[in-house]
Amino acid sequence: MIREKELRLALVCYGGISLAVYMHGISKEVWRLARASCAFHEGRIPAGGSQGVYRALLQEIEDEHHLRLRVLIDIIAGASAGGINGVFLAQAIATGQSLEPLTRLWFDSADVEQLIDPNQGPAHRLAKIWALPLVWFAQRRSGDSLDKLVEPAARKEVRTKLSKFVRSRWFEPPFGGKRFLNLVLDAFEAMAAAPRGPRLLPDGQPLDLFVTVTDFTGHPERLTLNSPPEVIETEHRLIFPFSDCGAARDSLAPIGELAFAARATSSFPGAFPPVTVGELDAVLAERGLDWPERQAFLAKMLPRHAAVGAADKAVLIDGSVLVNAPFRPAIEALRQRPARRQVDRRFIYIDPYPGGKLDAAKRGIPGFFQTIIGAVSALPRQQPIRDNLEAITERSERAQRMAEIIAGIRPEVEAEVEALFGYTLFLDRPNVARLASWRKRAQTAAATKAGYGYAAYGHLKLAGVIDAITQLLHDISGDPGVEHRAELHRLVTRAVKTMGMNAAGPTFAGGTSPTTIAFLRSFDVGFRIRRLRLLARRLSDIEAQYDEVDIGALREAIYASLARYLDAKRTDQHLALASHVERARDDAVALLDALAASLDLKTLDDDTEARLTAALCSVNREVRRTMLLTYLGFPYFDVATLPLLQGEGLDEFDAIKVDRISPDDATAIRAGGAEATLKGIQFSSFGAFFSRTYRENDYLWGRLHGADRLIDIIVSTLPIDMSLAALRISAIKRQAFIAILDEEEPLLTNIQPLIASLRREIG
């Protein structure tokens, strides 16, 4: 029997200045893995290279371990260099476009001579020639002379370009903003012109992209206090979100908007000038490109500025200044993920130079300028991600605690259900009417048995439903303001009370008014999702216990039903209600009626019970009995777990695992981290801008490191009893490395000695 599993990757991409080229190599491997997985599941043979190795690995896992694994990249969040790579990767996944054309553009365009604004470069060959001895002297005093940093073959190129860079206008950014924006637009056009494949996600599986940006002047945000009741603070962090809502498109978003996000997030302070909407307007006009979505884009991305007609004046700089590791938006995106089979969720963060954070400690006490520069730029960028990891760990621990509670009370719950119905229930073949009747009876019994605890559970559930409605309406409105959400919450709460639930909520005696029951039937999507997730977990236990039992139809019924309810929570399913939200100023009852009609949970419930009934009849009596005990016992489980887990209950998912891709982790070929492999770390991570040889070097290592770690991550999703032997993993990696070298050797003409050396190291 073949089991199915999804390995879902949420990528968090750090900044790294010229190490963007290294990150391009990694993102290219991620893209190739996604293409290989897509081809594997569609029965196609993919292109060669590492893509063929990934497909062969997926086939081996299925043949040897009866596990059909699908790899999906459905969330991408990036800052600075990671942001621009994230934008391109998201476009390729959402549209099926190729990343191949970008490689040559990185080699040709990510160069000082291409990036320097013609108006900022030296006016003639002798301009500021007196500055060069000062630079060489400063390098020798620092112990990092050019002769020490740069290999002999690259010294002439680096000296020439460094000279031009140093002699450009001082106290003004040397790199051109419009020039860079045009290069980004060129890249998108090259991707669109190349041969295109299929979208790399299943239909209905959304791709979400988040790009961090820093609002230099800031925008006002209201904060609620006790005294004074309200204060105004200035917020500088911005997140530009994009989503394809699970549908195939020609582009993830209008090209100008994606280019603007890439330009803004990577506008490194001092190197690039800040970006404004006016710059984009001018470049699009010069290229003859229309932008009909302009107002909608500004209202969504710069709502505070747009509200006062000042979006054109917003000044944006590098996203990594304040948010270099954008985990939070990626975590929040989990709320609207569909589920069609068992999921192994991974957060993978790409850190191109983790060792660079320790450099300052090696240099002793910093000087005057080093202290100032570090305080305003370096330290915020290098802030560790401990807080993010602790949040993910806490979330995973809650999921584990929940699983332990359920396992502990399962025997008693099953005994209660059997006592309620009698064992003869399970000798009958269930039908839709019986299943609905049994479910209602079990729910009433669970409420009565809960006693005093039911009041707390019921009110917590009611509050959770109100919060979920508020969040959905807030997302539909498109206004990200905290005060707007608070106002919607007040309106919804008042409307709920108006509908008859002011003093008729759940009681200590386990009672609930018909009004409250009707409300929950119309809006409590979370309860249905938690029940189906519990069924999916129980089914996984059965799979592990009975290898020969065919439960494919039951698995399909559970996940198909779960997907429908998860879709009901998605914002894009209810955008027609936006005008209702705008009109709900004093009375939200009509708005709730419209939302209930849009959710249409009665139809989903009927379809679900019909689907489950048919699937239950397809399995043997023992499996059917176990699954019916779980389905009918769910109210008992929910009463026990929802209050203990702060209302999260079973709605969220299994434990989340975190993996890193960096030079320090990919040691299958060469140890030593970035210092032993990358050239872009030189000149404070600007090094790759000064040499094509360096860019080719870092790009190749990006692909090799990416393949190394992605194979580790794929293998780690296997259960312990299915794990591959270490020698087999090493052989697979060797195949991937050789495939990459064979593919790149004709193209990377500047680093032929490195390729020869790598072949010897790989063996």
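Residues are numbered from 1 along each chain as its sequence is written. As the model is predicted, local features need pLDDT of at least 70, and side-chain atom pairs count only at pLDDT 80 or more.

**Exercise 1.** Determine how helix α22 is oriented relative to helix α23.

*Solution.* Step 1: helix α22 covers residues 525–545 and helix α23 covers residues 552–568; helices are DSSP runs (H or I, at least four residues). Step 2: their axes come within 10 Å and cross at roughly 155°, where axes are lines fitted to C-alpha atoms over the stretch in contact, and angles run from 0 to 180 degrees between N-to-C directions. Step 3: angles over 145 degrees count as roughly antiparallel, so α22 is roughly antiparallel to α23.

**Exercise 2.** Describe the residues in the contact of α22 with α23.

*Solution.* Step 1: contact means heavy atoms within 4.5 Å. Step 2: the α22 residues include I529, L532 and L539, and among their partners in α23 are I558, L562 and Y565. Step 3: the contact residues comprise 12 nonpolar, 1 polar and 4 charged (Ala, Val, Leu, Ile, Met, Phe, Trp, Tyr, Cys and Pro count as nonpolar, Asp, Glu, Lys and Arg as charged, the others as polar).

**Exercise 3.** State whether A553 is buried, exposed or partly exposed, and locate its contacts.

*Solution.* Step 1: A553 belongs to helix α23. Step 2: buried means under 20% relative accessible area, exposed over 50%, and partly exposed in between (1.4 Å probe, protein chains only). Step 3: A553 has a value of 43%, so A553 is partly exposed. Step 4: leaving aside residues up to four places away in sequence, A553 touches A615 and S618.

Key:
Side-chain values use heavy atoms; hydrogens and water are left out. Helices (H or I, at least four residues) and strands (E, at least two) are DSSP runs, numbered from the N terminus. Angles under 35 degrees count as roughly parallel, over 145 as roughly antiparallel, 65 to 115 as roughly perpendicular and the rest as oblique.
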